[in-house]
Amino acid sequence: MTRGVAILGSTGSIGTTALRVLARQRERFRISALTAHSNAALLEEQVAQFHPAYVGLVRPNGGAGAWRTGPECLVEAASRKDVDVVLNAVVGAAGLDATLAALERGKRVALANKETLVMGGELVSQASARGGGEIVPVDSEHSAILQCIGSRPRSEVRRLVITASGGPFRDWPREKLETATLADALRHPTWRMGRKITVDSATLANKALEVIEAHYLFGISYDRIDVVVHPQSVVHSFVEFVDGSVIAQMGMPSMELPVLYALTHPERVHDAGVPPYDPVEMSPLTFERVRWDDFPALRLGIKAGRAGGALPAVFNAANEEAVAQFLDGRITFGGIARAIEGAMRSLTNRSADSLEALRAADCAARTYVKEMVAC
Ligand SMILES: NC(=O)c1ccc[n+]([C@@H]2O[C@H](COP(=O)([O-])OP(=O)(O)OC[C@H]3O[C@@H](n4cnc5c(N)ncnc54)[C@H](OP(=O)(O)O)[C@@H]3O)[C@@H](O)[C@H]2O)c1
């Protein structure tokens with residue numbers, strides 16, 4: 001029997017990768033639902049190829065025919081009876097409700113949308129406990145950790161070491177970073193991704209999101225999660241065990257394998273579409289310390305994660321808004337971290353025990369950044 005998959009954000013980098021992967025796995029999976037934000041032309045091509053029963057377009061800029069429209073389409077797609085696995089590949093906080101809805105209904109969420117966990121980690125864990133749903137990560141680093149930990153108890157894990165490519169500014173001097181251009185920031189050395197995550201990789205905010213994501217996914221405290229720079233992106237992360245043994249998961253830098261593994265875990269199947277790994281060809285593998293003082297967004301995000309409450313949601317929303325302003329040319333590259341820091345300093349940290357509380361924190365952080373930019 002095939003399993004039904006809903007892809008939320010099917011027109012994006014992860015969404016299109018997933019469709020490429022799933023086109024080779026038709027005996028295991030069928031596409032039950034596809035959603036996009038506004039790219040109707042690409043969505044239409046995907047519908048013609050995969051014939052999903054449900055199609056949603058958040059913001060149609062013309063006729064959407066029989067497609068469902070509006071932001072509710074994400075939750076509708078994630079809640080359908082014919083959907084077993086929800087691949088959440090939406091970018092940003094917009095993906096939260098759909099993750100919660102799928103987990104409440106006992107489905108697997110293959111999670112690329114890390115902002116969901118950062119913003120609402122506690123609520124997501126509760127939804128999963130209530131409904132019996134499970135999260136399997138799509139991020140290559142978390143997929144690696146999952147594969148390294150296997151079924152070992154957390155008490156045997158001493159430390160997680162998350163690798164970071166270092167982004168396009170890994171070896172830029174500090175003074176040059178302030179005025180790095182958008183074109184510079186979008187030139188990622190190893191990964192081709194959507195614009196928001198590419199900028200997050202340049203500021204290292206992405207690594208902060210991943211540290212918080214790892215904390216929630218694997219139940220490991222922040223003082224046992226480290227980050228190391230690894231420019232080749234071949235070692236996807238390490239797990240150090242209490243006896244000193246260190247297990248790493250490696251492979252070519254391609255998202256096809258983590259996407260497929262999130263769908264099939266714990267099984268491994270043929271034809272992930274990943275080029276074979278040649279250790280000699282890929283050598284040398286190098287590792288460097290993080291330049292914490294030069295990439296303040298990383299430190300700020302981890303500080304927010306440690307503080308808990310609504311501060312991770314503030315960090316996430318301030319970052320989303322600041323990146324949008326940078327993409328629109330309204331602030332400098334250095335302004336992104338300053339906007340995050342300002343929002344975290346100015347807004348009182350409250351508890352995050354309800355969706356309303358999270359939304360209020362999210363909204364306050366966005367408003368803070370918009371007003372700061374307008375001044
Ligand atoms: N790209 C990677 O290699 C990678 C790796 C690990 C994790 N991730 C994570 O995966 C997520 C997606 O990243 P991406 O690089 O694939 O982003 P992307 O290329 O920008 O794609 C985003 C997708 O989400 C849709 N979307 C955007 N805003 C939306 C909204 N408000 N409501 C509903 N749908 C919306 C977009 O639709 P339209 O096309 O119609 O705008 C598109 O389908 C992010 O959380 C990212 O951090 C990405």
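Q: How many cavities of 30 Å³ or more does a search of the whole structure find?
A: Rolling a probe the size of a water molecule over the atoms shows where empty space is left. Here the search finds one cavity of 30 Å³ or more. A cavity is a set of points, on a 1 Å grid over the protein atoms alone, where a 1.4 Å probe fits but cannot get out. This is a predicted model: local features need pLDDT of at least 70, side-chain atom pairs count only at pLDDT 80 or more, and totals for chains, interfaces and linings use all residues. Residues are numbered from 1 along each chain as its sequence is written, and side-chain values use heavy atoms, with hydrogens and water left out.

Q: What volume does the largest cavity have, and which residues line it?
A: Its volume is about 70 Å³, the space filled by probe spheres set on the points. Lining residues (an atom within 4 Å of a point) include Ser-140, Gln-147, His-236 and Met-252. Helix α6 (140–149) and α11 (256–264) each give two or more residues to the lining. The largest share, three residues, comes from α6.

Q: Which classes make up the lining of the largest cavity?
A: Three residues are nonpolar, seven polar and none charged.

Q: How do helix α5 and helix α15 cross?
A: Two packed helices are described by the angle between their axes and the distance between the axes. The axes of α5 (115–131) and α15 (355–374) come within 10 Å and cross at roughly 175°. So α5 is roughly antiparallel to α15 (angles over 145 degrees).

Q: Which residues make the contact?
A: Met-119, Gly-120 and Leu-123 of α5 meet Leu-355, Leu-358 and Asp-362 of α15 (heavy atoms within 4.5 Å).

Technical notes:
Axes are lines fitted to C-alpha atoms, for helices over the stretch in contact, and angles run from 0 to 180 degrees between N-to-C directions. Helices (H or I, at least four residues) and strands (E, at least two) are DSSP runs, numbered from the N terminus. Angles under 35 degrees count as roughly parallel, over 145 as roughly antiparallel, 65 to 115 as roughly perpendicular and the rest as oblique. On a 1 Å grid over the protein atoms alone, a cavity is a set of points where a 1.4 Å probe fits but cannot get out, and a pocket is an open set with protein on both sides within 12 Å along at least five of seven lines; lining residues have an atom within 4 Å of a point. Ala, Val, Leu, Ile, Met, Phe, Trp, Tyr, Cys and Pro count as nonpolar, Asp, Glu, Lys and Arg as charged, and the others, Gly among them, as polar.
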